[in-house]
Amino acid sequence: MDCELCNSTGGLLLWQEDFCKVVPVEDDEHPGTCRVILNRHTREMTDLTCAERTRLMHAVFATQAAMREIAAPDAAALAARLRRHMQS
Ligand SMILES: [Zn+2]
């Protein structure tokens, strides 16, 4: 099958289970972007059963939650640092 996502890991494997995996996307304009990839080839989201859609979205939300934990800037801390740098 000529499918790039099925024929390779798709990138650095961050997490994997029997249903799907999560890999980072190399994109300089959007750092921190990840891709959730099903292990079995599926053309469209609507080809999934309702249970599979729910399982997939759980993985998507878990990935976003993890990314926010490590990447989301704390606005108050950022403002304090900015003030400190602007004063010096
Ligand atoms: Zn595929």
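Reader: How many bridges join strand β2 to β3?
Author: This is a predicted model. Strand β2 covers residues 20-24 and runs antiparallel to β3. One of the pairs sets Lys-21 against Ile-37 in β3. The number of bridges joining β2 to β3 is 5.

Reader: Which are the edge strands of the sheet?
Author: The sheet is open, with 3 strands in antiparallel pairing. Their order is β1-β2-β3. An edge strand pairs on one side only. That holds for β1 (15-16) and β3 (34-38).

Reader: Which helix packs on the sheet, touching β2 and β3?
Author: The helix spans residues 50-71. Its direction makes about 160 degrees with that of β3. The helix is α2.

Reader: What radius of gyration does the chain have?
Author: A compact globule of 88 residues would come near 12 Å.

Reader: What percentage of the residues count as buried?
Author: Burial here takes 20 or more other C-beta atoms within 10 Å of a residue's own. The count runs over the 88 residues of the chain. The buried share is 5%.

Reader: What share of the contacts with a separation of 6 or more comes from residues 24 or more positions apart?
Author: The contacts counted are those in the chain with a separation of 6 or more. Residues 24 or more positions apart account for 30%.

Definitions and conventions: Residues numbered from 1 in each chain as written. Predicted model: local features only at pLDDT ≥ 70, side-chain atom pairs only at ≥ 80, totals over all residues. Pairing = 2+ DSSP bridges. Helix = DSSP H or I, 4+ residues; strand = E, 2+ residues; numbered from the N terminus. Contact = placed C-beta atoms within 7 Å. Axes fitted to C-alpha atoms, helices over the stretch in contact; angles between N-to-C directions. Rg over C-alpha atoms; globule rule 2.2 N^0.38 Å. Buried ≥ 20, exposed ≤ 12 C-beta atoms within 10 Å, placed from the backbone.
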